[in-house]
Amino acid sequence: MKNIYSNIFKFNKKNLSKCIKYLQKSDLVALPTETVYGLAGNAYSKKSILKIYKIKKRPRINPLIIHYSNYKNALRDVEINQNFTKLYNKFCPGPITFILKKKKNSLVLPSATAKLNTIAVRFPSNYKIRQILKKLTFPLAMPSANISSKISPVDAKDVFEEFGKKIKMIVDGGRSKIGVESTVLDLTKNISILRPGSISAKQIKKIVKKKITIVRDQKNIKSPGALKKHYSPGIKMLLNQNKSFYNHAFIVFGRKYKKSKNIFNLSSKNNLNEAAKNLYKIFRKIKKLRYKKIYVVSIPNKGIGIAINDRLKKAAN
Ligand code: TXA
Ligand code: MG
């Protein structure tokens, strides 16, 4: 039988070289990270950046995150500060993105950062992407590997569902460990969280010992990706419900829910990390089953629950 997933590749030595070659030629590849899968291209290549926006159907005003293997490489493109250094030492590599001032002689293309004078930098911890980043002489511009405003992918087949054979290579890294996108933290002035993620305000505050603002519903597109509608399965969604109807999908959390065809439990163990990991998979499942409406119970708003609620709110918008 013909393998329809012929652009999904195992991570081995041979495919690693293949992947590097694609990136050097300004082709795009999809890569696993600990948060969600990304669509990667050379951040210093105009051609790559153009392709990313085109394939994702992403508005040009929405800047990309630039991924580096380490601090030293990022120094080429951004001005660092004390808060960054402290947070880097504590959390990186890991699921956090820092907004920093762009250096005047930075090689990151203006088209990759929506012409802003800042750059979002991230140092992913996933072993496979780290092996790739270490072999490159340029950083990777890498948004989540989904069509703009749709559900982020958490495994190689999810990426295939989004783009099919439009990209030459999807590196299979299994299921993303965290399941929601990185925390986006603005360090250019007062420290503020533009997008909550698995690293919480509380954890950040402990390190920088300063007040952390949490930015809700940004009006002036400061982080355009925080655009109100996002992560959307494209189905009417109602939040904070305590019951549902048999013909609607019901997303629940915790022990007390029985198994039933229309009930999708984020975590029957009451575990918020497990819930985050399952969130986008459950969105995809419900979408495939063609439900017309989704009811969702309220989710505890602490730890990574804050990120889950942020995504639910945007999906319901
Ligand atoms: O976990 C993640 O961050 C994943 C993986 C693949 O690394 N990437 C990701 O990228 O979620 P994306 O493009 O889906 O989301 C990037 C977010 C958007 O909200 C974007 O507006 C914001 O970061 N962003 C990027 N550059 C920015 C900048 N210079 N200033 C403010 N926000 C920025
Ligand atoms: Mg995204």
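Q: What is the relative accessible area of tyrosine 71?
A: This model is predicted, so the value is computed from it. Buried residues lie under 20% and exposed ones over 50%. Tyrosine 71 counts as partly exposed. Its relative accessible area is 24%.

Q: How many aromatic pairs does the structure hold?
A: A pair of aromatic rings is described by the distance of the centres and the angle of the planes. Here the rings must have centres within 6.5 Å to pair. The number of aromatic pairs in this structure is 13.

Q: What is the angle between the planes of phenylalanine 11 and tyrosine 127?
A: The centres of these two rings are 6.5 Å apart. Planes over 60 degrees apart count as edge-to-face. The pair is edge-to-face, with an angle of 75 degrees.

Q: How many residues apart are phenylalanine 11 and tyrosine 127?
A: Phenylalanine 11 sits in the loop between β1 (8–9) and α1. Tyrosine 127 belongs to helix α5. The pair links distant parts of the chain, and the separation is 116 residues.

Q: Is tyrosine 127 buried or exposed?
A: The cut-off for exposed is over 50% relative accessible area. Tyrosine 127 has 56% relative accessibility, so tyrosine 127 counts as exposed.

Q: Which helix holds tyrosine 88, the partner of tyrosine 71?
A: The rings of tyrosine 71 and tyrosine 88 form a tilted pair, 5.1 Å centre to centre with 55 degrees between the planes. Tyrosine 71 lies in helix α3 (residues 71–74). Tyrosine 88 is 17 residues away, in helix α4.

Q: Is tyrosine 88 buried or exposed?
A: The limit for buried is under 20% relative accessible area. Tyrosine 88 has 12%, so tyrosine 88 is buried.

Q: Which residue does the side chain of asparagine 126 reach at the start of α5?
A: The contact uses a side-chain oxygen of asparagine 126. It comes to within 2.8 Å of a backbone nitrogen, that of lysine 128.

Q: Which strands are among those that cover the buried residues of α5?
A: The buried residues of helix α5 (residues 127–135) are Ile129, Arg130, Gln131, Ile132 and Leu133. Their cover includes helix α1 (13–24). It also includes the strands β2 (29–31), β4 (65–67) and β8 (140–141).

Q: How many charged residues line the second largest cavity?
A: The structure holds 3 cavities of 30 Å³ or more. By class, the lining has 6 nonpolar and 3 polar residues, while the count of charged residues is none.

Notes. Residues are numbered from 1 along each chain as its sequence is written. Chains are lettered from A and ligands numbered from 1 in the order in which they are written. This is a predicted model: local features need pLDDT of at least 70, side-chain atom pairs count only at pLDDT 80 or more; totals for chains, interfaces and linings use all residues. Side-chain values use heavy atoms; hydrogens and water are left out. On a 1 Å grid over the protein atoms alone, a cavity is a set of points where a 1.4 Å probe fits but cannot get out, and a pocket is an open set with protein on both sides within 12 Å along at least five of seven lines; lining residues have an atom within 4 Å of a point. Grid points are joined across faces, edges and corners, and a volume is the space filled by probe spheres set on the points. Ala, Val, Leu, Ile, Met, Phe, Trp, Tyr, Cys and Pro count as nonpolar, Asp, Glu, Lys and Arg as charged, and the others, Gly among them, as polar. Buried means under 20% relative accessible area, exposed over 50%, partly exposed in between (1.4 Å probe, protein chains only). Helices (H or I, at least four residues) and strands (E, at least two) are DSSP runs, numbered from the N terminus. Contact means heavy atoms within 4.5 Å. A polar contact is a pair of N or O atoms within 3.5 Å; within protein, one must be able to donate a hydrogen and the other to accept it, and residues adjacent in sequence count only if both atoms are side-chain atoms. Rings of Phe, Tyr and Trp (its six-membered ring) pair if their centres lie within 6.5 Å; planes under 30 degrees apart count as stacked, over 60 as edge-to-face and the rest as tilted.
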